[in-house]
Amino acid sequence: SNPITVKTFKASKYTVKKGKKIKITSKATSSDTVKYMIRLKKVGAKKYTTIRKYSKTGTFNWKANKKKGKYYIYLTVKDVDGHTKTVKMKKKLTIK
């Protein structure tokens, strides 16, 4: 199968008030269908939090219900063979 290529991974905004929604857009290609999983990690923390389990849909509206602070956002893409690729969003997310 073809390797997974992540084309797009972005948020509608990178500063959001707690409780408000942001749209996260993911687009990746492989030889077949792919699924998307999104995780957050607070800057300086070790623990990842899954905010979206694997889904075939690339767009996701997320309610920023986490503690105030700065976060890295990670996308993991999985193909039909179970291969995965993880990328980190270039900008950090700030919850105010």
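1. A pocket, as the word is used here, is an open set of grid points with protein on both sides within 12 Å along at least five of seven lines. The model is predicted. Its largest pocket holds about 160 Å³ of space. Rolling a probe the size of a water molecule over the atoms shows where empty space is left.

2. Which residues line the largest pocket? They are Leu40, Lys41, Lys42, Ala45, Lys47, Thr49, Lys66, Lys67 and Tyr71. By class, the lining divides into 3 nonpolar, 1 polar and 5 charged residues. Strand β4 (residues 34-42) gives the largest share, with 3 residues.

3. Strand β4 deserves a look of its own. Of its 9 residues, 7 are buried, so β4 is mostly covered, buried meaning under 20% relative accessible area. β4 runs antiparallel to strand β7 (residues 69-79), and 9 bridges join the two. β4 also pairs with strand β5 (residues 49-55), again in the antiparallel sense, over 4 bridges.

4. Leu40 ties these pairings to the pocket. The residue is part of the pocket lining. Its bridge partner in β7 is Ile73. In β5, the bridge partner of Leu40 is Thr49, and Thr49 is also listed in the lining.

5. Check the turn between β4 and β5. This hairpin has 6 residues between the strands. Within the hairpin, Gly44 takes a positive phi near 90°.

6. A separate point concerns the sheet of β1, β3 and β6. These 3 strands form an open sheet in the order β1-β3-β6, with antiparallel pairing. β1 (5-11) and β6 (59-63) stand at the edges; each has a single partner strand, so one side of each is left without a neighbour in the sheet. On average, neighbouring strands of this sheet are turned by 20° against each other, direction ignored.

7. Now the β1 pairing in detail. How many bridges join β1 to strand β3 (residues 21-29)? There are 6, and the two strands run antiparallel. Val6 stands opposite Ala28 in β3. In a regular strand the side chains alternate between the two faces of the sheet.

8. Last, Thr94. This residue lies in strand β9 (residues 93-95). Is Thr94 buried or exposed? Its relative accessibility is 15%, so Thr94 counts as buried; the cut-off is under 20%. The side chain of Thr94 is joined to that of Lys70 by a polar contact of 3.3 Å.

How values were computed: Residues numbered from 1 in each chain as written. Predicted model: local features only at pLDDT ≥ 70, side-chain atom pairs only at ≥ 80, totals over all residues. Heavy atoms only, no water. Pairing = 2+ DSSP bridges. Axes fitted to C-alpha atoms, helices over the stretch in contact; angles between N-to-C directions. 1 Å grid on protein atoms, 1.4 Å probe; cavity = no way out; pocket = protein on both sides within 12 Å on 5 of 7 lines; lining within 4 Å. Points joined across faces, edges and corners; volume = space filled by probe spheres on them. Nonpolar A, V, L, I, M, F, W, Y, C, P; charged D, E, K, R; others polar. Buried < 20%, exposed > 50% of the residue type's maximum accessible area, 1.4 Å probe, protein only. Polar contact = N/O pair within 3.5 Å; in protein donor to acceptor, adjacent residues only side chain to side chain.
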